[in-house]
Amino acid sequence: MWLEEPAFKSYIFYSSILGIKILIMAILTARVRYRKKVFANEEDADKTKGIVKLDDPDVERVRRAHLNDLENIPAFWILGAFYLATGPPSEWATLLFRVYTASRIIHTIVYAVKPLPQPARGFAYDIPNFIMLYMGVKIISHFKNAL
Amino acid sequence: MWLEEPAFKSYIFYSSILGIKILIMAILTARVRYRKKVFANEEDADKTKGIVKLDDPDVERVRRAHLNDLENIPAFWILGAFYLATGPPSEWATLLFRVYTASRIIHTIVYAVKPLPQPARGFAYDIPNFIMLYMGVKIISHFKNAL
Amino acid sequence: MWLEEPAFKSYIFYSSILGIKILIMAILTARVRYRKKVFANEEDADKTKGIVKLDDPDVERVRRAHLNDLENIPAFWILGAFYLATGPPSEWATLLFRVYTASRIIHTIVYAVKPLPQPARGFAYDIPNFIMLYMGVKIISHFKNAL
């Protein structure tokens, strides 16, 4: 059964890690909001004696890292799943998923936890992006008769 | 066949409700934009004799609720699907999907339709978030050999 | 096997095109940022002798088109997959996926590549939105016993 294939298990495992990673971004944002007492909504500022402020640079940095995840990870979930449907070697697919996930976590660290000079974030962005484009090309050439 | 399993049908049903819910957020935003005649693009303002304004508080509130959906619901789609792959009791999984969906709808109502003081939105956010983290932990411990 | 069904292959093909399309939006944004030398982060401006500016109208236009994709395409991935589970005629499903994908590409062109007066973008938005709502209604009425 497909669920027994190592590459599928690996896909499920790393996709779920990435799902939890997205949820953690909201916790990171909340932590900065509470530390600096800046909120996006009146009712949140009321509760915490903070202020409403929509352009705090530290909050916005974490929010950009969060949005960057939303621009990338859902596409990975789709492209990763369909890449498996092209029948790649199991160990190669697992390696791609592993490197993708590690790079996206590093991306968040150098973007929003401990900002580093470029090209740190550039590399951590380009590697997973390249993996997705590679998988996309493989899928499209495999299923091109479906055009 | 897996499609006959009650928990899978429930997953499909509630995931689709959530998909439609996201589409409705765009309709809510448009309604506020037309009522207040504030738009994000020149060409939209031209058509409706409105103005371009990117910081209207009522529009931004609906947009934050919309973005909050994008930060949560795609992760639910993935974590919910893979949670089923861990073989949970069908009625328990169905209950989680149902509570998740209801809470996310309530979240939008108390955020953007009829804003309420905290902790209304806090509860409506934390319950589905906790469900996702719970499912995530279950998936990861089930598939941990795939690391 | 389901992977042999033409409608499934078509779903995989067009979903992957849309995944790559989302990745290309980031390249479009970067192109405008480098042309105008405006960046969101200090470390990016440093590297390129540009400036930090969060409200450049050309950059924001591409970013709105990108966000619009994130508000629509993940919902398509879910609704398209589950629509197939309702057993639609294969050619009809393929037509919907094809029109959806073409319209979303046109949407980006008239929004962010070569902005056109309304209702160009309105049509390119409404057609795929209507396709998703149609699929959503079909799924919900097919699986309504799962409520």
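## How the copies meet

Only 7% of the interface residues of chain C are also interface residues in chain B, so the copies meet through different surfaces. Contact here means heavy atoms within 4.5 Å.

Before going on, a word about what you are looking at. This is a predicted model, in which local features need pLDDT of at least 70 and side-chain atom pairs count only at pLDDT 80 or more, while totals for chains, interfaces and linings use all residues; side-chain values use heavy atoms, with hydrogens and water left out. Residues are numbered from 1 along each chain as its sequence is written, and chains are lettered from A and ligands numbered from 1 in the order in which they are written.

## Turning one chain onto another

What rotation superposes chain B on chain A? It is a rotation of 120°, with 0.0 Å of shift along its axis and an RMSD of 0.0 Å. That is the relation of a three-fold axis. In chain B, Pro74(B) has the C-alpha nearest the axis, 4.0 Å from it.

Chain C is superposed on chain B by a rotation of 120° as well, with 0.0 Å of shift along the axis and an RMSD of 0.0 Å. Among the residues of chain C, Pro74(C) comes closest to the rotation axis, with its C-alpha at 4.0 Å. These superpositions are made by least squares on the C-alpha atoms of residues with pLDDT of at least 70 in both copies.

## A salt bridge between two chains

Over all chains, the count comes to 27 salt bridges. A salt bridge is a side-chain nitrogen of Lys or Arg within 4 Å of a carboxyl oxygen of Asp or Glu. One of them pairs Asp44(A) with Arg121(B), whose closest N and O atoms are 2.9 Å apart. Asp44(A) lies in helix H2 (residues 42–48) of chain A and Arg121(B) in helix H5 (residues 120–142) of chain B, so this pair joins two chains. Helices (H or I, at least four residues) and strands (E, at least two) are DSSP runs, numbered from the N terminus.

Are Asp44(A) and Arg121(B) buried or exposed? Both Asp44(A) and Arg121(B) are buried. The word buried means under 20% relative accessible area, exposed means over 50%, and partly exposed is in between (1.4 Å probe, protein chains only). Asp44(A) and Arg121(B) also belong to a network of salt bridges that links them with Glu43(A) and Arg61(B).

## Salt bridges within a chain

Now look inside chain B, where the side chains of Lys36(B) and Asp56(B) meet in a salt bridge (3.0 Å, N to O). Lys36(B) lies in helix H1 (residues 6–36) and Asp56(B) in the loop between E2 and H3 of chain B, so the pair ties together parts that are 20 residues apart in sequence. Lys36(B) counts as partly exposed, at 31% relative accessibility, whereas Asp56(B) counts as buried, at 5%. The side chain of Asp56(B) also reaches the backbone nitrogen of Val59(B), at 3.0 Å. Leaving aside its neighbours within four places in sequence, Asp56(B) is in contact with Lys36(B) and Val38(B).

In chain C, Asp69(C) forms a salt bridge with Arg104(C), and the closest N and O atoms are 2.9 Å apart. Asp69(C) lies in helix H3 (residues 57–84) of chain C and Arg104(C) in helix H4 (residues 90–113) of chain C, so this pair ties together parts that are 35 residues apart in sequence. Asp69(C) and Arg104(C) are both buried.

## A nonpolar patch on chain A

Which residues form a nonpolar patch on the surface? They are Trp92(A), Leu95(A), Val99(A), Phe123(A) and Ile127(A), with about 450 Å² of accessible area together. Patches are made of residues with over 30% relative accessible area and no salt bridge; like charges are joined within 9 Å, and nonpolar side chains (Val, Leu, Ile, Met, Phe, Trp, Tyr) within 5 Å. The areas come from the Shrake-Rupley method with a 1.4 Å probe, and for residues only the protein chains shown count as cover.

Helix H4 (90–113) and helix H5 (120–142) of chain A are the elements that give two or more residues to this patch. H4(A) gives the most, with 3 residues. Phe123(A) lies in helix H5 of chain A, and at 54% relative accessibility Phe123(A) counts as exposed.

How values were computed
Polar contact = N/O pair within 3.5 Å; in protein donor to acceptor, adjacent residues only side chain to side chain.
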